[in-house]
Amino acid sequence: MVARLVIAAPSSGAGKTTVATGLMAAFAGRGLAVSPHKVGPDYIDPGYHALATGRPGRNLDAYMCGTGLIAPLFLHGARGCDLAVVEGVMGLYDGAADQGELASTAQVAKLLKAPVVLVVDASSQSRSVAALVHGFASWDPEVRIGGVILNKVATDRHEHLLREALGESGVPVLGVLRRAPAVATPSRHLGLVPVAERQAQAVAAVAAQAEQVRRGCDLDALLALARSAPPLDAEPWVPEVGERLRAGGSVVPTKQPVVAVAGGAAFTFSYAEHTELLRAAGAEVVTFDPLRDEALPEGTRGLVIGGGFPEMYGAELSANEPLRKAVAELAASGAPVAAECAGLLYLARSLDGTPMCGVLDADARMSERLTLGYRDAVAVSDSVLAPAGARMRGHEFHRTVIEPGAGPLAAWGLRQPERRVEGFVQGGVHASYVHTHWAGSPEVAARFVGHCA
């Protein structure tokens with residue numbers, strides 16, 4: 001039994017992240033062990049959640065992992081915790097394009113049998129708030145909206161009007177938050193600035209969010225609502241890949257191969273389950289920072305470079321010539337290298353004219369166009385991650401382009417929004433813009449570690 005709340009909103013921009021993070025920090029400040037979760041593929045918000053709770057922020061993505069894994073992944077992350085807070089994505093009922101409720105906050109709330117707290121931006125309304133809340137509460141009878149937190153409330157008079165309007169809605173007001181510049185988190189082209197890039201300021205912002213929530217929300221009522229959630233009929237997910245490793249015919253490691261995983265401010269996008277699966281497959285996982293470390297970890301047999309913001313650190317990454325050379329030499333040796341999005345850019349010949357590792361015969365640059373959306377992918381070529389023909393689901397999110405967009409051996413064939421091939425398979429290298437969540441396909445980790453062995 002895990003007490004739990006889903007923090008949702010009618011639309012993006014209402015203040016979900018501020019409220020969810022503030023609640024996490026406020027309850028953690030009371031001495032509760034709080035498990036933080038985020039609906040969807042977002043990497044940045046979980047960094048703030050981790051700061052608020054001291055536990056890894058974990059994603060619950062029904063598109064990439066499947067609906068059947070939502071409750072098990074949730075229970076895995078929440079093991080041993082007193083309370084779980086799940087931040088939603090976009091508007092409550094918004095999900096994958098043309099897929100109905102799939103991957104929406106509403107669907108995840110139903111899969112978790114969790115009460116929903118609706119965060120409403122009340123800055124430009126008074127009595128209309130009751131109609132809005134009534135509509136959201138009645139749209140899907142299976143979604144239980146247990147309360148409302150009114151955000152960006154201007155004055156005591158404004159609060160009185162809002163409370164009066166909501167008095168007949170049947171949905172209790174569990175919090176009222178005033179406008180507070182101290183709780184704001186700066187954004188740029190792909191959302192919030194990650195914690196790793198503004199550690200001290202992020203700590204201060206989370207503390208301010210917790211204080212705002214403590215002052216403006218009924219924490220006792222919110223905790224009681226969380227505890228009203230019924231038990232889940234599911235078992236916690238376990239990062240096991242042994243059977244898949246043997247079934248796939250991969251080499252079973254007799255000695256732990258070292259898998260180096262890029263981290264630091266330039267490579268902040270990763271799912272906690274990836275590291276857990278690599279270890280379960282027999283790897284010794286060592287994190288390194290391409291901005292600071294001039295060599296790969298000793299004994300590196302495989303390399304994982306996830307997403308992030310290399311475009312913000314192009315000069316520093318390029319200046320670390322010893323590491324760029326080490327990465328190129330590792331790739332040239334045929335060792336397994338898995339690179340997603342930012343990792344793809346780092347392996348390119350150049351990024352905005354600045355030299356990168358030169359593993360790929362391609363050049364990357366910033367673009368005005370935002371590429372965003374879920375992807376159905378099929379492996380075009382045999383690689384260290386998947387055999388040709390294997391199907392996976394992923395997500396693209398970037399404002400860069402790479403030319404050419406695919407190598408002689410492409411990584412993935414994509415079906416939407418238009419049919420195309422993308423990415424590079426070159427020796428042991430698999431490099432692509434598509435982010436994947438390995439919990440949905442744990443054989444990926446097994447195959448990768450098997451190639452490392």
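Start by selecting helix H13 (residues 321-332), which lies across S11, strand S12 (300-305), strand S13 (337-340) and strand S21 (429-432) and runs at about 110 degrees to S12. Helices (H or I, at least four residues) and strands (E, at least two) are DSSP runs numbered from the N terminus. Axes are lines fitted to C-alpha atoms, for helices over the stretch in contact, and angles run from 0 to 180 degrees between N-to-C directions. Contact means heavy atoms within 4.5 Å.

The model is predicted: local features need pLDDT of at least 70, side-chain atom pairs count only at pLDDT 80 or more, and totals for chains, interfaces and linings use all residues. Residues are numbered from 1 along each chain as its sequence is written, and side-chain values use heavy atoms, with hydrogens and water left out.

**The sheet**

Then show the open sheet of six strands, whose order is S11-S10-S12-S13-S21-S20, with mixed pairing. Two strands pair if DSSP finds at least two bridges between them. Strand S11 (284-288) and strand S20 (424-426) stand at the edges with a single partner strand each, so one side of each has no neighbour in the sheet. On average, neighbouring strands of this sheet are turned by 15 degrees against each other, direction ignored.

Val258 has Glu284 in S11 as its bridge partner.

**Leu360**

Move to Leu360, in the loop between strand S15 (354-355) and strand S16 (363-379). Leu360 counts as buried because its relative accessibility is 2%; the cut-offs are under 20% relative accessible area for buried, over 50% for exposed and partly exposed in between (1.4 Å probe, protein chains only). Leaving aside neighbours within four places in sequence, Leu360 is in contact with Leu344, Leu347, Ala348, Arg349, Phe424, Gln426, Val429 and Ala431.

**The helix pair**

Finally, select helix H2 (residues 44-53) and helix H8 (residues 199-216), which pack at an angle of about 70 degrees with their axes 10 Å apart. H2 and H8 are therefore roughly perpendicular, a class that covers 65 to 115 degrees, with angles under 35 roughly parallel, over 145 roughly antiparallel and the rest oblique. Display Tyr48, Leu51 and Ala52 in H2, which meet Gln199, Ala202, Val203 and Val206 in H8.
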